[in-house]
Amino acid sequence: VIAVVCIVIAFAAAAVGLSLAYLRSWRMTRPPIGVFNSSDVLAMTIGIVLAPIGYLVLPTVLAAALFSLAALAILGFTLQPAPVADWLRRLAIALAAGAALAAAHVAGTGSATFAAVNDVLVVCCVIGIANLWVQTGMRSGHLLVLAGLLTAYDVVATAWLPLTADVIDTLGSSPLVPLVFWPTDGHTAGLGLGDLLMLCAFVLVAAKDYGPGVGRRAALLGVGTVAAVLAGVASGLLPQLVPTMAALGPVIVASCWSWRRRLGDGRSVAAFQAALTPRTAGARRRPHRPAVAATATTPFAPGPITRKGGD
Amino acid sequence: MFDATVAQLRLASSLATGRRLNLRALEKVTDAMCATVAEFGSVSGDAAQAFSGPVLDDDVREDVVLRRMRTQVRRAVEGTSHYAALGLDAGELRTFDDIARLALTRKESLRADPSGFVRRGCSIAARVTTTGTTGRTTTVHYSDYELRVIAALTTNHLALRRLIGPGDVVAQCISSRATLAVGSVTSSCRSLGAVAELIGLVEPREALDALARGRATVLNVYASYLGALVEHGTRLGYGPRDFALERILVGGEIVTAGLLRRARELFGDVEGAENCAMTEIAPAGGTPCSHDHLHLEPTTGLIEVLSLDDERPAVAGEPGTLVVTPLPPYRETTLLLRYDTEDVVAPLAGPVHCELRHLPAVTRIVGKRRLAVRHDDGWTFQRPVQEALEQLDAVPLPARYGIWPAARAVGVETLVRHDDAATRRAVREALDGAGVPIGELRMTEDARDLRHPMPLRADLREHSFAGSGGGS
């Protein structure tokens, strides 16, 4: 049981580490206009609350197909910044889908083989979503609100209602399960996709907003909290299906509140990226022009006609 | 992002159908663009399509413009006394040839009766006057809707071009009567997190002091007043170390290479950006590109270039007057059909390959028709003369000069520092090099001796108590 718990914790830690590496190395394509804001928190909360209900209402096959397709789409945009040819990226996604299907049908959804494939795919999806949030401007304030709302939802849906259990049952036989888990005889340790996502977002927001030191502390705190919950479940102190956000949520909320109070609103994405790239000392601030200058003409806004030395 | 996406969809729907823009959606998208700049440091070029709609192919674009033109003609006939008297029929406008048969609207008509062009039932929020550099000032009425649309488009443009950004201090050395320009740039500064400071057209000595003390990073200025600043700044011993300027947004008049070169000698390694705007046709206007073209946004206004001689469409390379019809959904109060701006440009030959190649283009404005000279070899406009003069250090900035028909060519007079043989030779060579056929050349060291001086916005001087004590 300890080994199983350690495997799941290792997947969680890997998700955190790889998310940070992704944040530092790759730039996701973002919408031309718009920054992550409170409307996104609201929209996501509504989506997260309604999606499980949708999965339960829909026929099982359709629900599993929808979830798998959504996961592959997320995998697609996660791999989008990878410096490889498009065909190679598409091949990787096809191979992932094939591996998940093969593992589910050949080894069975309760096998370690299936768990390994599933967990890798779930970690990849989590890396992509968490980075999308943070790279489009999610701040600690947004995470604080989102964590608070999802904590309340998780307690209701998992501890009070059978909603989470029903969703796991429904999607349990699909080629992709919204969990990072590892099976063993008589016991399965698992961490929900949503919990892992919040853990990664917590660490990424900390690192982006307040620097690598705060990010490292958040990683220790977050992974430690998750490990404590998994250990509690494994030791029988906690029930088999426990709302992890009930523990992780307050940690995130308290940390974000504390950071905001002590350190302020946090850095913009531009400031974070600038901090990653050392500037030449003494360089004068001069933003370069966008490469594409496709713009509407406007009455009192100038357009470039003479660059320095370009007369 | 979610709310910005919803707002963009609402805006796109208005742009596609030509219906009135939803101001809340427009301002939401503008706010989102400003937030994008603050968060990411820039916005991609694709963001422009949120405001102007997607890039259309020529057939679709012509269809859209024709539809909007019909709407505008119908509104003008039904809603304004000036066009009602002309008895136009919007239903007859099926092609661009039909549009070309509509009579031009002259500046004199608008000056004589500005309210005759105002659509009945519109709620007027501002009466905006032009600076009147080609004669008496002209009044144009705008609704609150139009003012907000213009402000949003200005912000969009400034953000896209990264001309103003968070933390900038934007000094405006333009006439404080230019309410549309001052208002929209000030509003943009507020949205973009910059500080706007209206210095006005005070004594250049005061403006230079304000620029230096205020550590302005952006200067929004008329070309001739920039010239005055350069001249006074050099004389007063200012240098690049006294200023924090990074960009100069210059327009309202002809901007020459010589002016920008000399401005950089005073202000340092600054970036120059030129605008092409006019109160009467806003928000239609032009954007200069890096290849010296003037690009015109076809969805905000119908643009025509008409021959100076007979008002037929000008052919490539032939100078013509820029005729503009501001279109809905951007313009709804002062309706102008085929407004003759008197600005002279020339259509370009062949396709262009610049960064704005998806927009129709003409040459840069070469001058005002009523200030140009017709002679045996054709026309001489202000730009070549001014380009020639302002490149010479012997000519104080802004170049004060005049042109007139003389000896079947062009008479040129100019203010110089020293009226001596060397200066005369340099001026003549520069004018020859610019292709100006000199019939007579006069030089003077006293601006009052000029007989045909070009009007300069720098002379719309505003007084202050500080300025009246010293003078310059």
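Tutor: Let us begin with helix H9 of chain A, residues 212–234, in this predicted model. H9(A) has 23 residues.

Student: Why is the pair of B:Tyr83 and B:Phe117 called edge-to-face?

Tutor: The whole structure holds nine aromatic pairs over all chains. In the pair of B:Tyr83 and B:Phe117, the ring centres are 5.5 Å apart and the planes stand at 80 degrees. The centres lie within the 6.5 Å limit and the angle is over 60 degrees, so the pair is edge-to-face.

Student: What does this pair tie together?

Tutor: B:Tyr83 belongs to helix H5 (residues 81–84) of chain B, while B:Phe117 lies in the loop between helix H7 (107–112) and strand S1 (124–129) of chain B. The pair therefore ties together parts that are 34 residues apart in sequence.

Student: Are B:Tyr83 and B:Phe117 buried or exposed?

Tutor: B:Tyr83 has a relative accessible area of 1%, and B:Phe117 is likewise at 1%. Buried means under 20%, so B:Tyr83 is buried and B:Phe117 is buried.

Student: Why is the pair of B:Trp379 and B:Phe381 called stacked?

Tutor: The planes of B:Trp379 and B:Phe381 are at 10 degrees, with the ring centres 5.9 Å apart. An angle under 30 degrees counts as stacked, and the centres lie within 6.5 Å, so the term applies. As for accessibility, B:Trp379 is partly exposed at 25%, whereas B:Phe381 is buried at 7%.

Student: How do you know that the charged end of B:Arg20 sits over a ring, and which ring is it?

Tutor: The charged end of B:Arg20 is 4.0 Å from the centre of the ring of B:Tyr145 and sits over that ring. The distance is within the 6 Å limit, and the position must also be within 35 degrees of the ring normal. The charged end of B:Arg457 sits over the ring of B:Tyr222, 5.0 Å from its centre.

Student: What makes strand S12 of chain B mostly covered?

Tutor: Seven of the seven residues of S12(B), residues 339–345, are buried. Both faces are covered: B:Tyr339, B:Thr341, B:Asp343 and B:Val345 are buried on one side, and B:Asp340, B:Glu342 and B:Val344 on the other. In a regular strand, side chains alternate between the two faces of the sheet.

Student: How do you know that S12(B) pairs with strand S11 and strand S14 of chain B?

Tutor: Pairing needs at least two bridges. S11(B), residues 320–326, is joined to S12(B) by four bridges, and S12(B) is joined to S14(B), residues 367–368, by two bridges. The S11–S12 pairing is antiparallel, as is the S12–S14 pairing. B:Val345 in S12(B) stands opposite B:Gly320, B:Tyr339 is the bridge partner of B:Val324, and B:Val344 stands opposite B:Gly367 in S14(B).

Student: Why is S11(B) described as largely enclosed?

Tutor: Seven of its seven residues are buried, so S11(B) is largely enclosed by the rest of the structure. Seven bridges also join S11(B) to the antiparallel strand S10(B), residues 301–307.

Student: What makes S10 and S14 of chain B the edge strands?

Tutor: The open antiparallel sheet has four strands in the order S10-S11-S12-S14 of chain B. S10 and S14 of chain B each pair on one side only, and they are the edge strands.

Student: Which residues have the most contacts inside the largest nonpolar core?

Tutor: They are A:Trp133, A:Leu143, A:Leu196 and A:Met198, in a core of 81 residues. Helix H8 (residues 193–210) of chain A gives the largest share of this core, 13 residues. Among the residues that A:Trp133 touches are A:Phe36, A:Met44 and A:Leu197. A second, separate core of 38 residues includes B:Cys276 and B:Leu294.

How values were computed: Residues are numbered from 1 along each chain as its sequence is written. Chains are lettered from A and ligands numbered from 1 in the order in which they are written. This is a predicted model: local features need pLDDT of at least 70, side-chain atom pairs count only at pLDDT 80 or more; totals for chains, interfaces and linings use all residues. Side-chain values use heavy atoms; hydrogens and water are left out. Rings of Phe, Tyr and Trp (its six-membered ring) pair if their centres lie within 6.5 Å; planes under 30 degrees apart count as stacked, over 60 as edge-to-face and the rest as tilted. Buried means under 20% relative accessible area, exposed over 50%, partly exposed in between (1.4 Å probe, protein chains only). The expected span of a helix is 1.5 Å times one less than its number of residues. A nonpolar core is a set of buried Ala, Val, Leu, Ile, Met, Phe, Trp, Tyr and Cys residues joined through side-chain atoms within 4.5 Å. Contact means heavy atoms within 4.5 Å. Lists of a residue's contacts leave out its neighbours within four places in sequence.
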